[in-house]
Amino acid sequence: MEKYCFGVDLGGTTVKMGLFKPDGELVDKWEIPTVKDNGGSKILPDIADSILNKMKEKNIEKDNVIGVGIGVPGPVDPNGICNKAVNLGWEDKIDLEGEMKKLTGLNVKGGNDANVAALGEAWKGGAEGYSDVVVVTLGTGIGGGIIVQGKMLVGANGAGGEIGHIHVVDDEEEACGCSNHGCLEQYGSATGVVRLAKRRLNEDNEPSVLRDTEISAKSVFDAVKAGDKVAGEIAERFGEYLGKGLAAVGCVTNPQIFVIGGGVSKAGEMLLPYIQKNYIKYTFHASRDAKFALAKLGNDAGIYGSAKLVIE
């Protein structure tokens, strides 16, 4: 009988799920709402019920399921323990793997959602064919996942790959969401681009289309594409910070490729040179030939990575 596995991407609003074959073929995908009432106590039972119902629908026996991989928005240690996930209402440690095994009767493997998404991009996305990969997601914050020799870099407490909180500026007065000051996330994320844009516009009165529009990462990079000089300067600053931060990562992990995803990456290929030239400027010489590419899997990266997690 044919073998299958499930990939689960647990988010604060929805749970994305996919049914896969071991070679990475996506057979089916669907979503259910994330019910966070009562400290998120219904989340794992809801996921388990949905998986078991899908198995009934597809006439799949448990013996034919390799297992369930699940990515969650919180640190997951090597023993499958999630050390809080505030966005889910999980204020205490959760035995993620153990609870899901009890609920489904299936093999379960868990991981942090950013790390798992990186594994997905390395398996079937922008870094397919590479074994040493850094995936950077530029959204409201900066998420990261590091793959070394095909394996996720998890760390002792599941907090490996927190690229967004690399320190890049000493005299920053505004606090990062993590409460530190001068984190990469404050300059390279979507909100970081807005911060850089507002600061640049306050420096002088040089004309720019950005003075007559709502400032967002999209409006900044749209203005760059239109040839706006001030927007170009903002993009240069963005690239300087992000390139410098990733240079530090390159010195430690020596990746073959950096994959850039998240909402900011919708600016397209034009984004990459701003980052890459500064990466080359700051990183160790032996790491300078790392490639840069855009993510390909979009919102499906998590389910692909989760499936790969359990296949591994």
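The following legends describe close-up views of a predicted model.

View A. Beyond neighbours within four places in sequence, the residues in contact with D228 are S208, V209 and A223. Two of these residues are also partners of the D228 side chain at 3.0 Å: the side chain of S208, through a polar contact, and the backbone nitrogen of V209.

**View B. D228 as a buried charge without a salt bridge.** Although D228 is buried, no salt bridge is formed by this residue. R211 carries the nearest side chain of opposite charge, at a distance of 8.2 Å. A salt bridge would require a separation within 4 Å.

**View C. The largest nonpolar core.** This core comprises 43 residues, of which F221, F238, L246 and I260 touch the most other members. At least two residues each come from β8 (133-138), β9 (142-148), α6 (190-201), α7, α8, β11 (257-261), α9 (271-282) and β12 (291-294). The greatest contribution is that of α8, with nine residues. In soluble globular proteins, nonpolar side chains tend to be buried together.

Notes. Residues are numbered from 1 along each chain as its sequence is written. This is a predicted model: local features need pLDDT of at least 70, side-chain atom pairs count only at pLDDT 80 or more; totals for chains, interfaces and linings use all residues. Side-chain values use heavy atoms; hydrogens and water are left out. Buried means under 20% relative accessible area, exposed over 50%, partly exposed in between (1.4 Å probe, protein chains only). Lys and Arg count as positive and Asp and Glu as negative; His and the chain ends are not counted. A polar contact is a pair of N or O atoms within 3.5 Å; within protein, one must be able to donate a hydrogen and the other to accept it, and residues adjacent in sequence count only if both atoms are side-chain atoms. Contact means heavy atoms within 4.5 Å. A nonpolar core is a set of buried Ala, Val, Leu, Ile, Met, Phe, Trp, Tyr and Cys residues joined through side-chain atoms within 4.5 Å. Helices (H or I, at least four residues) and strands (E, at least two) are DSSP runs, numbered from the N terminus.
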